[in-house]
Amino acid sequence: MDKYDAVVIGAGNGGLVAAIRLLQGGAKVLVVEKHNLPGGFATSFRRGRFEFEASLHELNDFGPADNGGDVRALFDSLGVTDKIEWTPIPEAYRVIARKEKLDVTMPFGVKAFIDKMEKEVPGSRLSTERFFQLADDTRAAQKYTNERNGVVESSVMVKEYGNYVRTGSYSVNEVLDSIRMPKKAQDILRAYWCYLGAHCDDLSFSHYASMVIRYISRGAMMPKMRSHEISLALCERIRELGGEIWFNTEAVKIETGADGGVEGVILDDGRRIVTRHVVANCSPLVVYGRMMDGVPEKIVRATNARKLAGRGFTMFLGLNKSADELGIENHNYFLYDTMDSAAQYEIMKKIDTNEVQATVCLNRAYPECSPPGTSMMYFTTLYMSDDWGNVKPEDYAKTKEKVANKMIDRFERDTGAKIRDSIEEISVATPMTYARYCGHPEGGIYGYESQYWDGLNPRLQMMAHDHMTRGLRFAGGFAMRLSGYSSAYFSGDISGRQTVGDIKKEG
Ligand SMILES: Cc1cc2nc3c(=O)[nH]c(=O)nc-3n(C[C@H](O)[C@H](O)[C@H](O)COP(=O)(O)OP(=O)(O)OC[C@H]3O[C@@H](n4cnc5c(N)ncnc54)[C@H](O)[C@@H]3O)c2cc1C
């Protein structure tokens, strides 16, 4: 019988970071991953002469060495920063919206962003400055909450982080209205909303603001060899610290004892691993619904109360011409029907109506990412309902093709670039692909949706109450920091450290 202090189920972003934290805390750790390679969504794949990034558009909050962000600080302390070769993303985004006839490219850097906004929307300067001030206060408050594992002093919150307390329970739209930001400036500033997958009437201001400032103040980065390079660096570090990673190994059961707490993990080959601590990098729906017996009703209710976030669809193109030749000007495009995010969210519920895309041409950040004279693009959209669940098996291929075609048409029409005739490789991932690859219900790629009542603030501050099963903690997109690369890394950091604390308490 194998015995470990902790077993990490899943080698995605959250699981890998949790494993390093556990090892740094002196624990004997096993990571089990059902695939033959690490990373979960953080991976790459080859088609012909192209190596495609599977998910990452850009990593925020890393920053250059002289302006490092929280993710760089995390990676430094994990000991992985220097194992990865980074390349900066040239500009924040180009947002195009049909209804508002918007087509604006925004830069990184708070001052440059505010200046550009003033140029696009004269009279917006004061409100944009106010936004960044509130966002900075929010970031500081979240750092404090993280460091205290969610157990914060309310007197400190009120005294030191007053702006955070004042704005914390309001939506993005409510706060932007209250600081009298002109409508067009709001539209431009809201462009990142699809990265969080909840519309701006529902999305808490502090969640959105802390993401925006992490992008704008420090810029964004990409590992040259795609996100796979980060996943490999994290694995190397786990091994350096004496941890074990078993690939092609699925955890099928978490065994519990009389107190309902963790006693062991059963693998797909029937092996039993003895452990009293599990960090699960998969969804609570799968863990409580499939991997554990006798789950108390309270936990079932709490798990089912949460709303699944967007289901992913991505088209990857390898093009036999360079970005310059094709007229692809930017790295990062957001193409919307409307900047009214609540209305856009509704349209994104159906396959037939959804035409939103967040599109990347990696060559604009790293020209050598594909062979000379070629370029590479990936186009992602989210479905805000399980409409792909309604597609009959016999219609699957043609539905995929229809959506891919719409994406190409829309990109050509909105940007003027001509790509269709230069496609050398094409690959498409649907919610079915994502459900199968990472095991997340309905092919969700963003964990649980950030909701008014269940957003970043409540989750950070309810961490202690969310710990409902002895020995079981979660890391990754379904955990307390919600979805996204940096959030998944941070949740791994928190859950790993908390589990070290649990182990120490047990003695
Ligand atoms: C197309 C796309 C674009 C995206 N773009 C961005 C972006 O630009 N910026 C950003 O911040 N985020 C982006 N995201 C979201 C980001 O990729 C995820 O939030 C993040 O990677 C989730 O990490 P995770 O820790 O939850 O692990 P996951 O990636 O969900 O991985 C979970 C791992 O656990 C394994 N596993 C599950 N069950 C078991 C089991 N029973 N036994 C063993 N192993 C198991 C899976 O195989 C998988 O490897 C994107 C996602 C996609 C798909």
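Tutor: Start with E16: nine of its nine residues are buried, so the strand is largely enclosed by the rest of the structure. Keep in mind that this is a predicted model.

Student: Which residues of E16 point which way?

Tutor: Arg311, Phe313, Met315, Leu317 and Leu319 point one way. Gly312, Thr314, Phe316 and Gly318 point the other way. All of them are buried.

Student: OK. How many bridges join E16 to E19, and in what sense do they run?

Tutor: Nine bridges, antiparallel. E19 covers residues 375-383. Within that pairing, glycine 318 stands opposite methionine 376.

Student: And E20? How many bridges there?

Tutor: Six, again in the antiparallel sense. E20 is residues 423-429. Leucine 317 stands opposite isoleucine 426 there.

Student: Switching to the ligand. How many residues surround it, and which are the closest?

Tutor: 35 residues surround the ligand. The closest are Gly10, Gly12, Gly40, His57 and Gly476.

Student: Which elements each supply at least two residues of that shell?

Tutor: Helix H1 (13-24), strand E16 (311-319), helix H17 (431-438) and helix H20 (485-506). H1 gives the most, with three residues.

Student: How do the shell residues divide by class?

Tutor: 13 nonpolar, 18 polar and four charged.

Student: Which domains does the shell draw at least three residues from?

Tutor: Domain 1 and domain 3. Domain 1 is 2-42 + 60-85 + 224-306 + 450-506, and domain 3 is 310-438. The assignment also gives domain 2, which is 108-217.

Student: What separates the centres of domain 2 and domain 3?

Tutor: 28 Å, taken over C-alpha atoms.

Student: How many residues are in contact between those two?

Tutor: Nine residues of domain 2 are in contact with nine residues of domain 3. By class, the domain 2 side that touches domain 3 has four nonpolar, two polar and three charged residues.

Student: New topic: E8. Are its residues buried or exposed?

Tutor: Buried, five of five. E8 is residues 93-97. Both faces are covered, with Tyr93, Val95 and Ala97 on one side and Arg94 and Ile96 on the other.

Student: What does E8 pair with?

Tutor: Strand E9 (residues 102-106) is joined to E8 by five bridges, and the two run antiparallel. Alanine 97 has leucine 102 as its bridge partner in E9. Strand E17 (residues 332-336) pairs with E8 in the parallel sense, over four bridges. There, valine 95 has phenylalanine 334 as its bridge partner.

Student: What do E8 and E9 form, and what about lysine 101 in the turn?

Tutor: They form a hairpin with four residues between them. Lysine 101 has a positive phi of about 50°.

Student: Now H10. How far does it reach from its first C-alpha to its last?

Tutor: 20 Å for 14 residues, close to the 20 Å expected at 1.5 Å a residue. H10 covers residues 205-218.

Student: Why call H10 largely enclosed?

Tutor: Because 14 of its 14 residues are buried. Just after H10, glycine 219 takes a positive phi of about 75°.

Student: Last one, glycine 439. Where is it?

Tutor: In the loop between H17 and helix H18 (456-461).

Student: Why does glycine 439 count as partly exposed?

Tutor: Because it has 17 C-beta neighbours inside 10 Å. A residue needs 20 or more to be buried, and 12 or fewer to be exposed.

Student: What is glycine 439 in contact with, leaving aside its neighbours within four places in sequence?

Tutor: Cys282 and Val286. As for valine 212, its C-alpha atom is separated from that of glycine 439 by 29 Å. The two are 227 residues apart along the chain.

Conventions. Residues numbered from 1 in each chain as written. Predicted model: local features only at pLDDT ≥ 70, side-chain atom pairs only at ≥ 80, totals over all residues. Near = placed C-beta within 6 Å. Nonpolar A, V, L, I, M, F, W, Y, C, P; charged D, E, K, R; others polar. Domains from an automatic or database assignment. Contact = placed C-beta atoms within 7 Å. Pairing = 2+ DSSP bridges. Expected span 1.5 Å × (residues − 1).
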